[in-house]
Amino acid sequence: VQLQASGGGLVQAGGSLRLSCAASGSFFAIHVMQWYRQAPGKQRELVATIESTGYTHYADSVKGRFTISKDNAKNTIYLRMNSLKPEDTSVYYCKAVISLRSDRPPYDYWGQGTLVTVSS
């Protein structure tokens, strides 16, 4: 299983970006997909979650500005980021909780990260 994240870049404060994360390989089911971020010198933090049911959850710091969505046919999630602030500058990572087989427990898989830089 591989996760490929993309869509990062440089944007001015108030601007928007959309991140993508595609899961590839052979697996039984994706249970949860999430976006995390890690700024220099800080711990990695959970930004947004989307479950297989469609349930979503956001960190308070991004609620109302970020939207997580998924395309089941493509095994891909997106993070639409609006009204970006300089404090959103981070490397953004996607994570997926995936079962390789129906009779095996799920494992965490991480993407490689994509850098988002918001200038003031």
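1. Tyr 36 counts as buried, at 15% relative accessibility; buried means under 20% relative accessible area, exposed over 50% and partly exposed in between, with a 1.4 Å probe and protein chains only. Trp 110, at 37%, counts as partly exposed. The model is predicted: local features need pLDDT of at least 70, side-chain atom pairs count only at pLDDT 80 or more, and totals for chains, interfaces and linings use all residues. Residues are numbered from 1 along each chain as its sequence is written, and side-chain values use heavy atoms, leaving out hydrogens and water.

2. The structure holds one aromatic pair. Tyr 36 and Trp 110 form this pair, with 4.9 Å centre to centre and 55° between the planes, which is tilted (ring centres of Phe, Tyr or the six-membered ring of Trp within 6.5 Å; planes under 30 degrees apart are stacked, over 60 edge-to-face, the rest tilted). Tyr 36 lies in strand β4 (residues 29–38) and Trp 110 in strand β10 (residues 107–110), so the pair ties together parts 74 residues apart in sequence.

3. The chain has eleven strands and zero helices (DSSP runs, numbered from the N terminus: E of at least two residues for strands, H or I of at least four for helices). Buried residues make up 42% of the 120 residues.

4. Of the contacts between residues at least 6 apart in sequence, 54% join residues at least 24 apart; contact means heavy atoms within 4.5 Å.

5. The C-alpha atoms fill a box of roughly 50 × 25 × 20 Å, taken along the principal axes.
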